[in-house]
Amino acid sequence: MEPGSDDFLPPPECPVFEPSWAEFRDPLGYIAKIRPIAEKSGICKIRPPADWQPPFAVEVDNFRFTPRIQRLNELEAQTRVKLNYLDQIAKFWEIQGSSLKIPNVERRILDLYSLSKIVVEEGGYEAICKDRRWARVAQRLNYPPGKNIGSLLRSHYERIVYPYEMYQSGANLVQCNTRPFDNEEKDKEYKPHSIPLRQSVQPSKFNSYGRRAKRLQPDIESYVCRMCSRGDEDDKLLLCDGCDDNYHIFCLLPPLPEIPKGVWRCPKCVMAVVRTNQCAGEFVITFPRAYHSGFNQGYNFAEAVNFCTADWLPAGRQCIEHYRRLRRYCVFSHEELICKMAACPEKLDLNLAAAVHKEMFIMVQEERRLRKALLEKGITEAEREAFELLPDDERQCIKCKTTCFLSALACYDCPDGLVCLSHINDLCKCSSSRQYLRYRYTLDELPAMLHKLKVRAESFDTWANKVRVALEVEDGRKRSLEELRALESEARERRFPNSELLQRLKNCLSEAEACVSRALGLVSGQEAGPHRMTGLQMTLAELRAFLDQMNNLPCAMHQIGDVKGILEQVEAYQAEACEALASLPSSPGLLQSLLERGRQLGVEVPEAQQLQRQVEQAQWLDEVKRTLAPSARRGTLAVMRGLLVAGASVAPSPAVDKAQAELQELLTIAERWEEKAHLCLEARQKHPPATLEAIIHEAENIPVHLPNIQALKEALAKARAWIADVDEIQNGDHYPCLDDLEGLVAVGRDLPVGLEELRQLELQVLTAHSWREKASKTFLKKNSCYTLLEVLCPCADAGSDSTKRSRWMEKELGLYKSDTELLGLSAQDLRDPGSVIVAFKEGEQKEKEGILQLRRTNSTKPSPLASSTTASSATSICVCGQVPAGVGALQCDLCQDWFHGRCVSVPRLLSSPRPSPTPSPLLAWWEWDTKFLCPLCMRSRRPRLETILALLVALQRLPVRLPEGEALQCLTERAISWQGRARQALASEDVTALLGRLAELRQRLQAEPRPEEPPTYPSAPASDPLREGSGKDMPKVQGLLENGDSMTSPEKVAPGEGSDLELLSSLLPRLTGPVLELPEATRAPLEELMLEGDLLEVTLDENQSIWQLLQAGQPPDVERIRTLLELEKAERHGSRARGRALERRRRRKADRGGEGDDPAREELEPKRVRSSGPEAEEAQEEEELEEETGGEGPPPPLPTTDSPSTQENGLEPALGASSGSSGPFPTLTPRLHVPCPQQPPQQQL
């Protein structure tokens, strides 16, 4: 930086080298090459070639190193700045002869860095003193006001910080008190935070500040120190040879122990400073005695590896000696490094071994001298010590701070310290008899290590002399291959440098081994005969040159005699072949014999090629003759083409031309018929079998194997076999299975033959699929996770809740796709009707036993409605995967498990599963639809029995057997059997009496005064907003109260939307029960029937009758009713929004106009939509709306199917108590005493 300039001029860039791949192949050699240029600046940078990576040379198993300790609290930038500042100010006072002691202010250590920073920010020391702002400084340091802390801070600043700041600015320190800590006994002495202080040279202790002040006169200003501005200690005042400035040797950084000899220059006059920026993958070379420093910039995570070359070892020794004189801590022990390398000389290269030998020789001589001086002092005690196992701070000389390794002097009475042998007089004042030598190696072991290094360094010359004699054959004796290999192995084991002599040896070995291998190949080739690889043969000229090469090599090989013998045989064969070719035409046998002999020689002779051509011509003509012979096996088109191609390469002759013409004509005819067969195989319009038979018959006259004709013949054979299979399956004793027909259809479609029976089979398969689809729509719910066969078959694993639930979840996720796994039937078993019926019967029993076990298990689970439950490992899990808890949970009446009401389909209280001619009184709570079956128990829509019978009738018309049809027959038989038992139970005397009492109670409730028009309770799904709350008047509420009184007048019932649910909510406290007394003998059979009826995937009126009778015989489940009311309210709220959206959709359709009359669109719509009238259209629109809104809103209601009236089915009510009236209680009037209708013969199982 120029004087008076504010711009910083960075130092120049250090030399940067960018070697090529060839130059950087030997990195250490390249460093030695650029050293004369780079050493002038002390540092340089090398950018290796792109993609260069250093070889991995670390022994992972044996590599050990001592990590440095880095305190985490010193990593933060601000903390490091403070610590560095304290180190600098401590070093300043140490140079002045005092140690830094940090004072305490208000019971805490004074932050000198913050004090200095705030003083600078406030304008400096003079400005603060002038304006008397030391109290503000104390306030900014967070000291309390008052107590005169500002004056105290000023005193500490003047005494400690101000002299250092003046020193930093370059001003004179005439007013500096260099003993500011002599009277501060309570202050804490500061210890540098980093590694121990490396500069320990103390200035003179006889400073006279008065004398120094007197000498600071203008006439002698040039004779004072530029660092401390003092002129005392003239004997330690050093004059720069460059600028004539003066410096005390103890004021320099680092300080010097004595006046140096020769030319000395101050820091301003030394070598120019350079800089560099090291990036990833770059090398920075620092040469010996070059000062360097660096820092990390930016956010980085870096790792550096330091290494040195062999010629730097003397510089390292000099550096250690220099550190010893300066009393600085060394980074590592130079003696330990040398001894470790000397311990394994075989791992060192020659240059490094020589350098280590030289260094160790000097080290051993010095060690002998030092130990001799120790012996002369009278110290005779000694013990061995492994210094490398001790930490560095435990083996450092207390005098010169060097790290000891070979030896050290210690004292039994002063075990805390030791000294190197250069400072044996500075250990302690104890007697010499109490001092002892700690050594690593004896004086006998060190020369042995030195000798090994010498042998390693001088071994190359001995080896090189042996190699030179062997390669030059100086003694007239050729060495064997084993002797040359031994010399090469010695060089590799001893790690000799890659010299020119070693390369010559390797080349000689490689050439000799190649000759031996080639000679062995010739000999083994003759032994192998015709099985020899042709590519390994050599020519006659190459054989002669090879023999000359073996004779010229400087090694003895016994294979030379074998090669000479082979050459003699080849020359004799060449003379015989020339004689045979001169006497053409010779017999083919003679030519073939000569050719075979030539192949066994393993050497190519020019005359052998002429013999080969003559033999190939004769062989080709013979092959054509055999191929076209009538008795020969038909050849392929490839063989014909191969013969034509081969004929073009043989020697021309009239016989060859005639054979080629015949082959070409035959090939043209064969390709024409092959193309015709290909068109028949690939044509979209399949030909009948008769046409294909004619084509095959005509093509058989061609003496060539035609692949397409053969494929056409195989396809015709498959078609005949397919027709036979169809006839067999159609004319069998039983209808064929659908899987068999589908397999036949798939095979028939793939055949390239026109089949008339295929159309009939396709129609049968299509009809079967249509019936299955109709049955699926009848049974399966929308987006059901079950297949039709699973729904029709009993659930055999109903007893395992985890298995049942996990399988249901797998079906929901689309992971479970097996139809027959639950039945335990294979695909072959499904073809046997008897197996299906037996499996169905076994499944019924397993299902009943399983559901009873599941009910017992679920009954032990804690109820979510209970206020407090005991800890239990088994808890109910809803279909959503969560544990149902609190209000809104429902218990399945079949499996007794608990579910969230919002996650499943729930019943409507005032809707009835079957139509009723008269409305039910509100207080007839046993007629409310409170029965809840979870989605795991109710797997299908449960159609009525009449609908199932219609499906069975359609099934009988099918000429195909389906597993679903047989399962449906079993399910129907099970349902009819249960219906008969249920009717018998309901027609018993006890049950009839109970039904009569229940009917009388209902008539009494019904006989209450009514409005002119009977009320109509909503029986349609609550999702229809047009039917909710449409009544203008509310009926008079009658029922059973707790005190037997009737309800209030109808004027108190508020009309409006949702008033029926509010009315039911108000009736809950007044519901009482039971209204019937059911004996245990009557209840148990009914409950068992109820259980079996709930397992059926069929809707039967007897099931509802038994349910209402059992409900009337127990108290009303108020909690369930309340839960259902809350769920229905929430559902109606969502349904109104969906209704409004549906109405807007209808209006948009009406505005578009005409789209509903499109015949094509009507044809694409499902049959149930086209044939069900307005109600079906509304249902379809609701489904489309639900798909558009993403399925939002409450779950859909339980599916119900209206059944024909009892008169239509010929079933009349037969209950005695209510058979003569119109039925004020028709929902509890089952169809009893009616025998099961006889099935047609084709429906019987």
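pLDDT is the predictor's confidence in each residue, on a scale from 0 to 100. This is a predicted model, and the mean pLDDT of the protein chain is 75, with 77% of its residues reaching 70 or more. Over residues 815–820 pLDDT stays under 50, and for that stretch the model has 15 contacts beyond four places in sequence. Residues 1010–1057 also keep a pLDDT under 50, and here the model has 81 contacts beyond four places in sequence.

**Aromatic pairs**

A pair of aromatic rings is described by the distance of the centres and the angle of the planes. A search of the whole structure finds 19 aromatic pairs, and two of them are set out in the table.

| Pair | Centre to centre | Angle between planes | Geometry |
|---|---|---|---|
| Trp134 and Tyr157 | 5.8 Å | 55° | tilted |
| Phe287 and Trp312 | 6.0 Å | 65° | edge-to-face |

Because Trp134 lies in helix H5 (residues 134–140) and Tyr157 in helix H6 (residues 149–169), their pair ties together parts that are 23 residues apart in sequence. Trp134 and Tyr157 are each buried. Phe287 and Trp312 both belong to the loop between strand S9 (283–286) and helix H8 (313–326), where they stand 25 residues apart and their pair links distant parts of the chain. Burial applies to both Phe287 and Trp312. Elsewhere, ring pairs join Tyr85, Phe92, Trp93, Tyr113, Tyr164 and Tyr167 into a cluster.

Rings also take part in arrangements with charged side chains. The charged end of Arg108 sits over the ring of Tyr143, at 4.2 Å from the ring centre, and the charged end of Arg328 sits over the ring of Tyr323, at 4.5 Å from the ring centre.

Which residues of H8 are buried? They are Leu313, Ile320, Tyr323, Arg324 and Leu326. Seen down the axis of H8, these buried residues fall within an arc of 165°, so they line one face of the helix. Among the elements that cover the buried residues of H8 are helix H9 (334–343) and helix H10 (350–376). As for its length, the 14 residues of H8 should span 20 Å at 1.5 Å a residue, which agrees with the 20 Å between its end C-alpha atoms. Just after H8, Arg327 takes a positive phi of about 60°.

Helix H28 (residues 963–986) has 24 residues, and the 34 Å from its first C-alpha to its last is close to the 34 Å expected at 1.5 Å a residue. Of the 24 residues of H28, 19 are buried, so this helix is largely enclosed by the rest of the structure.

Gly417 is found in the loop between strand S11 (407–411) and strand S12 (418–419). Is Gly417 buried or exposed? Its relative accessible area is 17%, and because residues under 20% count as buried, Gly417 is buried. Once its neighbours within four places in sequence are left aside, Gly417 is in contact with Ile398, Ala410 and Leu427. The C-alpha atoms of Gly417 and Arg395 are separated by 8.1 Å, and these two residues are 22 residues apart along the chain.

Definitions and conventions:
Residues are numbered from 1 along each chain as its sequence is written. This is a predicted model: local features need pLDDT of at least 70, side-chain atom pairs count only at pLDDT 80 or more; totals for chains, interfaces and linings use all residues. Side-chain values use heavy atoms; hydrogens and water are left out. Rings of Phe, Tyr and Trp (its six-membered ring) pair if their centres lie within 6.5 Å; planes under 30 degrees apart count as stacked, over 60 as edge-to-face and the rest as tilted. Helices (H or I, at least four residues) and strands (E, at least two) are DSSP runs, numbered from the N terminus. Buried means under 20% relative accessible area, exposed over 50%, partly exposed in between (1.4 Å probe, protein chains only). A charge sits over a ring if NZ of Lys or CZ of Arg is within 6 Å of the ring centre and within 35 degrees of the ring normal. The expected span of a helix is 1.5 Å times one less than its number of residues. The arc is that of the directions from the helix axis to the C-beta atoms. Contact means heavy atoms within 4.5 Å.
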